[in-house]
Amino acid sequence: MASSLSTTKQFLGAPSSSRLGSFQAPSNLSSSSLQLPARRSHSKRLEIKAAGSTFGNYFRVTTFGESHGGGVGCIIDGCPPRLPLSESDMQVELDRRRPGQSRITTPRKETDTCKIASGVAEGLTTGSPIKVEVPNTDQRGNDYSEMSLAYRPSHADATYDFKYGVRSVQGGGRSSARETIGRVAAGAVAKKILKQYCGTEIIAYVSQVHKVVLPEDLVDPQTVTVDQIENNICRCPDPEYAEKMIAAIDAVRVKGDSVGGVVTCIVRNAPRGLGYPVFDKLEAELAKACMSLPATKGFEFGSGFAGTFMTGSEHNDEFYMDEHGKIRTRTNRSGGIQGGISNGEVINMRIAFKPTSTISRKQNTVTRDKHETELIARGRHDPCVVPRAVPMVEAMVALVLVDQLMAQYAQCMLFPINPALQEPLQSNSEPAAANVAL
């Protein structure tokens, strides 16, 4: 029997001349001996997979926009339907992140007013992608004229050119911290899901600015509140140390310099069972998320590097039965995660941020055409990023946890749980109406 094959599909991005023409097999050629020219390797060369702007597997967030473009924002895909949601839910978090909120932050004036463009109908999420937009209104592109010619030391200017061969000069483009607006907006949605579904709270605060270190025993992770943290412009829950931190920032701000610091984040009432035992350990996912934030230089959880100075008998968290018949640990050097899986205790982590790269002091550098020169950077920049990094850290932690919550539900909750060993993910402490919304 004669056999014929017509192949007319054009590979994406290929020129018209690369199209395979219609192929007619001779009548005396059996179908079993029919062979086509090998073109698979050519098709693979044409495949392009964009990467770097999307986070998450089940609750997926893509951020877009640049510092001095028309605006920034995000698209949230995978949000459960029937969640009550409005711009005000996001605006609270965006106001904590926005510039110009105090003398120790960048003086750039932006309201960062968000608009939900899709995915919400009559105050409820529809299950379709949610688009959030925030316009840029206080751009000053001329401030970057010198930086269009010379690289800022320790900034992403040079490496961006090394990678792409072109960049958005004004404001640093995608490497600007303004990109985090989309993360914070999406994180607000994630925090609401976690709070309503399983009663999870995520709280971050500044625990170090330069050489001013807040002693750990001054903050109780079980009782510290957002009000205590938001009570001062540094977002440190201890008023005395907050003043010391503010003074440290002021001291370098007036000199045109900058300092770094540490943000501590705690998670209360996280469900047990989040995370996986090998490559997708919960602490590994949290580390990646937090280290993807601008200016981050270090991450540790639980006892961190200090645990290396202890013996096993000193470091181990011994188990006991509490008054409610639950398995608990007497100490929490594991940081709420053991074997890559949450154990129900408070999850705690610390993220180190470097001093802001863009400073108004003279520095040696090179130009884009490879000539040594000196640079005094202009523009409006934070003398210390950690006060505004607090809501950014909370957002990234929330995005990890809601993604892991969905993964746990998808894999381990389809069939009845083993009540002797497992607990339901859903909290019983929230009103039934709040849970129905999900």
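Biologist: Where is Phe 319 found?

Modeller: Phe 319 sits in strand S14, which covers residues 319-321. Keep in mind as we go that this is a predicted model.

Biologist: Is Phe 319 buried or exposed?

Modeller: The cut-off for exposed is over 50% relative accessible area. Phe 319 counts as exposed because its relative accessibility is 55%. Together with Met 321 and Ile 327, Phe 319 makes a nonpolar surface patch of about 340 Å².

Biologist: Thanks! Now to helices. How should I read a pair of them?

Modeller: Two packed helices are described by the angle between their axes and the distance between the axes. Take helix H2 (residues 87-97) and helix H4 (residues 180-198): they pack at about 135°, and their axes are 9 Å apart. That angle makes H2 oblique to H4. The crossing of H2 past H4 is right-handed.

Biologist: Which helix do the axes of H7 come within 9 Å of?

Modeller: That would be helix H9 (residues 386-412); the axes of H7 and H9 come within 9 Å and cross at roughly 140°. So H7 is oblique to H9, and H7 passes H9 in a right-handed crossing.

Biologist: How many of the 10 residues of H7 are buried?

Modeller: Seven of them, so H7 is mostly covered. Among the buried residues of H7 are Leu 282, Leu 286 and Cys 290, and also Glu 283 and Glu 285.

Biologist: Let's turn to charges. What is the idea behind a salt bridge?

Modeller: Side chains of opposite charge can pair when their charged atoms come close. A search of the whole structure finds 27 salt bridges. One of them joins the side chains of Lys 192 and Asp 89, at 3.2 Å from N to O. This pair links distant parts of the chain, with Lys 192 in helix H4 and Asp 89 in helix H2, 103 residues apart.

Biologist: Are Lys 192 and Asp 89 buried, or partly exposed?

Modeller: Lys 192 counts as buried, because its relative accessibility is 19%. Asp 89 is partly exposed, with a relative accessible area of 25%.

Biologist: What about salt bridges inside one helix?

Modeller: Glu 93 forms a salt bridge with Arg 96, and their closest N and O atoms are 2.9 Å apart. Because they are three residues apart in helix H2, about one helical turn separates them. Both Glu 93 and Arg 96 are buried. They also belong to a network of salt bridges that includes Lys 191, Glu 230, Arg 235 and Glu 394.

Biologist: Which residue forms a salt bridge with Lys 244?

Modeller: Glu 240 does, with the closest N and O atoms 3.7 Å apart. Lys 244 and Glu 240 are four residues apart in helix H6 (residues 239-253), so they too are separated by about one helical turn. Lys 244 is partly exposed at 38% relative accessibility, whereas Glu 240 is exposed at 53%.

Biologist: Last topic: backbone angles. What is the phi of Glu 122?

Modeller: Glu 122 has a positive phi of about 55°, although it is not a glycine. Glu 122 lies in the loop between strand S7 (120-121) and strand S8 (124-125). It counts as exposed, because its relative accessibility is 85%.

Biologist: And where is Asn 269 found?

Modeller: Asn 269 is in the loop between strand S12 (261-268) and helix H7 (282-291). Its phi is near 60°, a positive value in a residue other than glycine. At 44% relative accessibility, Asn 269 counts as partly exposed.

Note on methods. Residues numbered from 1 in each chain as written. Predicted model: local features only at pLDDT ≥ 70, side-chain atom pairs only at ≥ 80, totals over all residues. Heavy atoms only, no water. Helix = DSSP H or I, 4+ residues; strand = E, 2+ residues; numbered from the N terminus. Buried < 20%, exposed > 50% of the residue type's maximum accessible area, 1.4 Å probe, protein only. Patch = residues over 30% accessible without salt bridge, like charges linked within 9 Å, V, L, I, M, F, W, Y side chains within 5 Å. Areas by Shrake-Rupley, 256 points an atom, 1.4 Å probe, with all protein chains shown as cover. Salt bridge = Lys/Arg side-chain N within 4 Å of Asp/Glu carboxyl O. Axes fitted to C-alpha atoms, helices over the stretch in contact; angles between N-to-C directions. Parallel < 35°, antiparallel > 145°, perpendicular 65-115°, else oblique. Left-handed = near helix turned anticlockwise from the far one by under 90°.
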